[in-house]
Each structure stands twice: as C-alpha cells, then as structure tokens.
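Notebook open, model loaded. I wanted to look up a pocket and then the nonpolar packing.

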Amino acid sequence: MIKPESLFSEEDKKRIADAVKEAESKTSGEIVPFVVGQSDSYPEAWLRGASLAGFLVLFLFSVFHLGTDWWIPFRISEVALITIVAFGIGGLAGQFIPTLRRGLIPDAMEQQRVDERAALAFLDEEIFKTRERTGILIFLSLFERRVCIIGDEGINKLVKTEEWDEIVHIIVQSMKSGAPADGMLEAIWKCGHLLERQGVEIRPDDTDELDNTVRFSDK
C-alpha cells in the first residue's frame, strides 16, 4: 500500500498549511486536513476471496463432471485438496490485491469504516477542544477513495450537511485524477469561504488553536 505522505510533496504540504492559515484568517473556524492510507484492514475480504475461489473450483469440477463427457483424472481427496489450495490463494488475493479487495467489500461497509475512522481522527486530534467548537476535519481515505467532513457543533448548527457535498465531490474527483493535493487545497479554500458566508466570524482575540499542517496515518 502506498504511504499517504508519499503522494504529497514537501511543497504540497507547505501549500496546504498555508491554505489552512489563510482560510482561518477570516473566520474562527479551525480546519484539520487528515489523510490515511486506508480506514480498515477489512479482514472480511480474505474470507470473501477465499470462499469465492473455493466455490468456483467446486463449481467447475461439478460442471465438467455432470455436464460433459470429459474424464477428470482426480479422486475426491484430490479435488478437496485443490479446493483448499484455491481457498487459500483466493483469500490471499482478496487481502493483498487492492483492486480485488475493493471489489469484495460492499460500498456500505466501506462508508461505515471510513466514517468510523474519521470519527476516531476527530477525537485523536482533539478537534472538539476549540473554544467555540468550530473545528472541521477534512478526512481523506486513499484506499477507499472516500472523503468525510466532520464539523463540530459550532459549525453544524450553521452549515447544512448538503453544503459539504460539493467539497467532498471536489476531493473525490481530484483523487480519481491523481491530484489529491490540488483537491485538498480547493476543499480548504471552499471550507473557509463557506464558514465566512455562514457568519462564523473571527473574534478580536482569536488564536490559532490547532496546527495547520496536514496529518498522515498509514491506517
């Protein structure tokens, strides 16, 4: 799996930190960009891949035996051994081939794991500790190619969930086009503009409560 920080050059990281600082200079919001390699290890993918491979082997043997006149030079014990080997190979493929693993995981499960990992990041980074509860997490999960934006209660009472959708779409499209840093930069700008438009005003004694740098985690 590609390490998330390797997708961002040092210049990208600096640009993101500068963008956060600029966005926060006009509102009391605190924006935290967070990028993970994957939101979960998905152990279910191993079992799903293994079961699929084992089923396909048994299905093919059954078709050849019942539906054709072909002679299959295998005894039952040998068929069982081949099935077990296929089970193991299918499990390993489901666990270690990203494209296959993604296909074995239902969309609803992916979204749930991303939401859970984003909530954990929100707590770990203590985004809830800002003075006016105006923290925002922009969470990007690379394996799932999904984005989650979590606003604290001071933000959520002003910004509707639908208003985050455009920002989520921007980052998702940038991931698909291979430019995650550009998508993150535009998303940060959009967040700042949205907060300013919704009246999340900066206070005279406002301080930078959370670090502006993008955070990375392999999982």
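**Pocket, then cores**

I started with the second largest pocket: α1 (10–24) and α8 (180–197) each give at least two residues to its lining. Helices here are DSSP runs of H or I with at least four residues, strands are E runs of at least two, and both are numbered from the N terminus. This is a predicted model, so I note that local features need pLDDT of at least 70 and side-chain atom pairs pLDDT 80 or more, while totals for chains, interfaces and linings use all residues. Numbering runs from 1 along each chain as its sequence is written, and side-chain values use heavy atoms, without hydrogens and water.

I listed the lining as A19, E22, A23, K26, L185, W189, G192, H193 and E196. α8 brings the largest share, 5 residues. (A pocket is an open set of points on a 1 Å grid over the protein atoms alone where a 1.4 Å probe fits, with protein on both sides within 12 Å along at least five of seven lines; lining residues have an atom within 4 Å of a point.)

Next, the largest nonpolar core: 30 residues, with I16, I138, L140, W164 and I188 having the most contacts inside it. The largest share of this core, 8 residues, is from α8. (A core joins buried Ala, Val, Leu, Ile, Met, Phe, Trp, Tyr and Cys through side-chain atoms within 4.5 Å; buried is under 20% relative accessible area, with a 1.4 Å probe and protein chains only.)

I also found a second, separate core of 12 residues, with V32, I127, F139 and C148 among them.

Notes:
Buried < 20%, exposed > 50% of the residue type's maximum accessible area, 1.4 Å probe, protein only.
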